Amino acid sequence: MLSRLFAPKVQVSAHCDLPCGVYDPAQARIEAESVKAVQEKYQANEDAHFRARAIIIKEQRAELAKHHISVLWSDYFKPPHFEKYPQLHQLVNDALKAASAAKGSTDPATGQKLLDLIAEIDKIFWETKKA
């Protein structure tokens with residue numbers, strides 16, 4: 001009974017469970033670089049055990065890239081950013097879809113596509129930081 005009385009009424013969270021205000025597309029880029037590197041190593045290795053581990057790691061890193069992209073979109077970018085950069089919603093959506101494609105593929109081209117889209121987000125991000 002007391003626990004319900006003192007339970008928090010509102011639960012909030014941020015990318016680090018504390019609204020620190022620290023955001024950087026580099027987090028997504030690093031994960032995407034890992035995805036592409038693992039895809040390349042997968043292609044260069046015929047060992048079944050290595051390939052199985054590579055797939056697991058690639059999928060985890062792609063999911064982390066998606067997370068970091070989502071955090072930028074939902075927590076960092078604000079209405080004025082979307083007004084100034086009307087392509088931003090589509091760009092983020094495309095990057096999330098590319099992360100999903102890379103997660104499900106061993107083709108390094110999908111990892112490169114993800115990196116290219118993150119680079120576009122990165123450019124906009126740093127432009128907004130200058131403003």
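Analyst: Axes are lines fitted to C-alpha atoms, for helices over the stretch in contact, and angles run from 0 to 180 degrees between N-to-C directions. This is a predicted model: local features need pLDDT of at least 70, side-chain atom pairs count only at pLDDT 80 or more, and totals for chains, interfaces and linings use all residues. Residues are numbered from 1 along each chain as its sequence is written, and side-chain values use heavy atoms, without hydrogens and water.

User: Are α2 and α3 roughly parallel or antiparallel?

Analyst: Helices are DSSP runs (H or I, at least four residues), numbered from the N terminus. The axes of α2 and α3 lie 8 Å apart, at an angle of about 160 degrees. Over 145 counts as roughly antiparallel. So α2 and α3 are roughly antiparallel.

User: At roughly what angle do α5 and α6 cross?

Analyst: α5 meets α6 through residues including Leu88, Leu91 and Val92, with Leu114, Leu117 and Ile121 among those from α6. The two axes come within 9 Å, and their crossing angle is roughly 155 degrees.

User: Which residues does Leu72 touch?

Analyst: Contact means heavy atoms within 4.5 Å. Leaving out residues up to four places away in sequence, Leu72 touches Tyr23, Asp24, Pro25, Phe77, Ile121 and Phe125.

Notes
Helices (H or I, at least four residues) and strands (E, at least two) are DSSP runs, numbered from the N terminus. Angles under 35 degrees count as roughly parallel, over 145 as roughly antiparallel, 65 to 115 as roughly perpendicular and the rest as oblique.
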